[in-house]
Amino acid sequence: MPDAIKKLPPLVRHLIAIVVIGAALMAVNGFVEGPKFGQYRESILIFCGINIVLAVALNIVNGFTGQFSLGHIGFYAIGAYVTAAFSTYGHARFFPGLPIDGSSPSIAHEIVPVFVLTTVAGLAAAAAGLVVGLPSLRLRGDYLAIITLGFAQIIQVIIRNIKAVDGATSFNGITRGDTTILTPHLTNFLWVYVAVAVILWVAYSLRFSTHGLAFLAVRDDEIAAESMGINTTRYKVIAFLISAYFTGVAGSLFALYLPSLSNDQFSFVRSIDILVMVVLGGLGSISGVTIAAVLLTTLPEVLRSVDEYRLVIYPLLLILLMLTRPQGIFGRDEVSKTWLKGQWGALRGVFRKPSPSVPLPPG
């Protein structure tokens, strides 16, 4: 960073960073939505971004505080269905400017609906997280995993029985008289990667703050943390709420991208997919989890050329990675200048010729 920028007040530096990142995302968004890039590549980028938000959000609970949650797919479903229902049923009152045929409006008309819908979805998921987290986070280990798994199953059953969102089949809008209002298509590269930038900023700020040290203390030794005066239940609930909020935001972006929602999209298998991203990247490593989310989203698409062997090659690669790096790709480290220098030194050591041995003097 240039010295002139380092001397600026922190608020000014943050505003400059926001403007630069926003301008870069808008420029890339214009290219991605252009005719040359293609919808298939755009969808891969969109799902990479949504999976990054999901994996980093789960990492705040599983990686920072050492809890084991399997129920985040429930928050994901809540965010998705709240967004879809709010945007279609509240179209006339809250979003009259949105097209009713599900098409995408201009960026200027997207800002307020995207902000309102993702915020409402995140708050709904966080409220559910509070209901589940307060009683269950006093438990540890396998008991918490079972409770959160049960919560996800309950959410799936509830949604399946709500006729207003066609939970038994698929939901894409409502019909009133002769008019059909479809869920708007508002998710694009810009909004997904704004969400990615926000959650990465929140995760890094938490990880390297005083509260982050309390999270890590809870993870490393909960009894020792309590003896030092840390309210472990309070920190676990805070981590759970933040994680549930961003998982709901990811669900909202997912609902605003696809033309319809189905209950099968929020199954237990999807929950395992997100957990694999966190474990593979390294529990507690933000950069590792981010890279793992991108890797596991793009790998099945890369293997489409060998479609008949894809379901064999994909798990074999995962097994190979976990055998060679059982602590995850990055362990608990983050990508930094020091880390890159260490890796470069280790790589040079592998290819360096061994120095010739000096013969011992006779006798």
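Guide: Let's start with Arg219, which forms a salt bridge with Asp220; their closest N and O atoms are 3.3 Å apart. Keep in mind that this is a predicted model.

Visitor: How many salt bridges does the rule count?
Guide: The count comes to 3 salt bridges. Another one joins the side chains of Glu222 and Lys236, at 2.9 Å from N to O. That pair links distant parts of the chain, with Glu222 in helix 10 (residues 222–227) and Lys236 in helix 11 (residues 232–255), 14 residues apart.

Visitor: And is Lys236 buried or exposed?
Guide: Lys236 is buried, because its relative accessibility is 2% and the cut-off for buried is under 20%. Glu222 is buried too, at 12% relative accessible area.

Visitor: Which residue does Glu301 pair with?
Guide: Glu301 forms a salt bridge with Arg304, with 2.7 Å between the closest N and O atoms. Glu301 counts as partly exposed at 22% relative accessibility, and Arg304 counts as partly exposed at 43%.

Visitor: OK, switching topic. How is the protein divided into domains?
Guide: There's domain 1 (8–37) and domain 2 (40–100 + 108–273). Over C-alpha atoms, their centres are 25 Å apart. The contact takes 8 residues from domain 1 and 8 residues from domain 2.

Visitor: What area is buried between domain 1 and domain 2?
Guide: About 810 Å², with carbon and sulfur atoms giving 75% of it. Across that interface the rule finds 0 salt bridges and 1 residue pair in polar contact.

Visitor: Now the largest nonpolar core. Which residues touch the most other members?
Guide: Ile50, Tyr76, Leu261 and Phe266, out of 86 residues in that core. Helix 3 (residues 39–64) gives the largest share, 14 residues.

Visitor: Where does this core lie relative to domain 1 and domain 2?
Guide: Domain 1 and domain 2 both contribute residues, so the core lies between them.

Visitor: What is Phe266 in contact with?
Guide: Setting aside neighbours within four places in sequence, Phe266 is in contact with Ile73, Tyr76, Ala77, Ala80, Tyr81, Gln156, Phe254 and Leu261.

Visitor: Last one: where does Asn29 lie?
Guide: Asn29 is in helix 2 (residues 10–32). With 2% relative accessibility, Asn29 counts as buried. Not counting residues up to four places away in sequence, Asn29 touches Ile107, Asn188, Phe189 and Leu190.

Notes: Residues numbered from 1 in each chain as written. Predicted model: local features only at pLDDT ≥ 70, side-chain atom pairs only at ≥ 80, totals over all residues. Heavy atoms only, no water. Core = buried A, V, L, I, M, F, W, Y, C linked by side-chain atoms within 4.5 Å. Buried < 20%, exposed > 50% of the residue type's maximum accessible area, 1.4 Å probe, protein only. Helix = DSSP H or I, 4+ residues; strand = E, 2+ residues; numbered from the N terminus. Domains from an automatic or database assignment. Contact = heavy atoms within 4.5 Å. Buried area = accessible area lost by both parts, 1.4 Å probe. Salt bridge = Lys/Arg side-chain N within 4 Å of Asp/Glu carboxyl O. Polar contact = N/O pair within 3.5 Å; in protein donor to acceptor, adjacent residues only side chain to side chain.
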